[in-house]
Amino acid sequence: MLSVPPSGDLASTRCFLGIVVFSSEGEVSCAAWRVANSTLSPGAPVCSVFSPRLSGLVGAGPCTWMHADWACVSWAGSRMLIWAVGLERIKMSTTTVPELKQISREEAMRLGPGWSHSCHAMLYAANPGQLFGRIPMRFSVLMQMRFDGLLGFPGGFVDRRFWSLEDGLNRVLGLGLGGLRLTEADYLSSHLTEGPQRVVAHLYARQLTLEQLHAVEISAVHSRDHGLEVLGLVRVPLYTQKDRVGGFPNFLSNAFVSTAKYQLLFALKVLNMMPSEKLAEALASATEKQKKALEKLLPASS
């Protein structure tokens with residue numbers, strides 16, 4: 001449950017300013033609060049009935065995963081717009097992405113009609129190239145910039161009433177990539193997601209040659225969704241530069257849709273594309289960068 005601190009304590013409370021949309025229901029109490037040297041309008045609704053663990057803040061700013069102590073919100077029908085979230089100092093330095101529950105494909109197929117299914121594909125290729133003639137590229141992994149400004153894998157939701165997972169995935173891939181088709185042999189994992197919507201996220205992975213990967217990139221530019229729902233493919237930089245931030249850590253600092261960031265880290269680990277310790281180092285560096293960026297945006301605590 002969210003609890004709003006007494007107004008006298010708000011001066012020493014750090015907060016993150018932004019807009020996040022949730023679907024929720026609950027009573028709202030109104031009051032005027034002074035939040036981190038910024039006064040909210042009198043009568044600004046304050047939510048006292050929402051879960052303190054806002055793990056859905058993907059793309060909501062520098063700090064992607066956080067715990068909230070309180071929040072000031074406004075309502076539009078059943079949508080809750082969070083304008084300010086109170087954070088404690090200790091809660092600003094998490095270095096891990098929360099684990100998602102993994103289930104088998106067979107278990108996923110037995111889930112009831114209350115569950116939605118999303119299917120996405122990770123296409124990758126071994127890359128013997130070297131950046132600046134000295135930094136090994138190792139692999140090239142394709143992701144895409146979406147219409148909402150978030151990074152994700154090619155794919156989308158599949159209506160199980162009309163399509164199998166693979167047929168539905170290939171239908172979506174055809175709109176965004178061209179003629180590529182995946183099969184059940186490319187299936188990698190299924191994970192249950194948290195949140196108001198019950199979604200099981202399926203990930204497929206196929207290794208291509210570097211030439212085939214480049215052909216997919218060219219085909220994607222001429223696909224139906226290019227420039228609309230898909231704003232372009234990007235290659236994930238699977239290396240870290242000497243400053244320990246450039247490359248993969250910087251990439252992880254971007255905003256990802258839903259489970260995409262977790263799926264990327266999971267796939268890199270289980271496909272032995274990057275050692276676990278390197279993944280942890282990159283994630284820690286990315287989180288430290290996010291923390292510093294957040295601290296610059298927020299006034300110092302008194």
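Begin by selecting M122, V141, L238, F248 and L264, which touch the most other members among the 28 residues of the largest nonpolar core. A nonpolar core here is a set of buried Ala, Val, Leu, Ile, Met, Phe, Trp, Tyr and Cys residues joined through side-chain atoms within 4.5 Å, where buried means under 20% relative accessible area, exposed means over 50%, and partly exposed lies in between (1.4 Å probe, protein chains only). This is a predicted model, in which local features need pLDDT of at least 70 and side-chain atom pairs count only at pLDDT 80 or more, while totals for chains, interfaces and linings use all residues. Residues are numbered from 1 along each chain as its sequence is written, and side-chain values use heavy atoms, with hydrogens and water left out.

Helices (H or I, at least four residues) and strands (E, at least two) are DSSP runs, numbered from the N terminus.

Now centre on V141, which, leaving aside residues up to four places away in sequence, touches M122, L123, Y124, F153, V234, R235, V236, L238, L264, L268 and M273; contact means heavy atoms within 4.5 Å. A second, separate core of 17 residues can be found by selecting L142, L177, L180 and L208, which are among its members.

Then show helix α5 (residues 260-270) together with helix α6 (residues 276-297), which pack at an angle of about 155° with their axes 9 Å apart. The axes are lines fitted to C-alpha atoms, for helices over the stretch in contact, and angles run from 0 to 180 degrees between N-to-C directions. The angle makes α5 roughly antiparallel to α6, a term used for angles over 145 degrees. To see the contact itself, select K261, L265, L268 and K269 of α5 with S276, L279, L283 and Q290 of α6.

R138, in strand β10, is not a glycine and yet has a positive phi of about 70°; at 32% relative accessibility it counts as partly exposed. N272, in the loop between α5 and α6, likewise has a positive phi, of about 55°, without being a glycine, and N272 is exposed, with a relative accessible area of 69%.

Key. Parallel < 35°, antiparallel > 145°, perpendicular 65-115°, else oblique.
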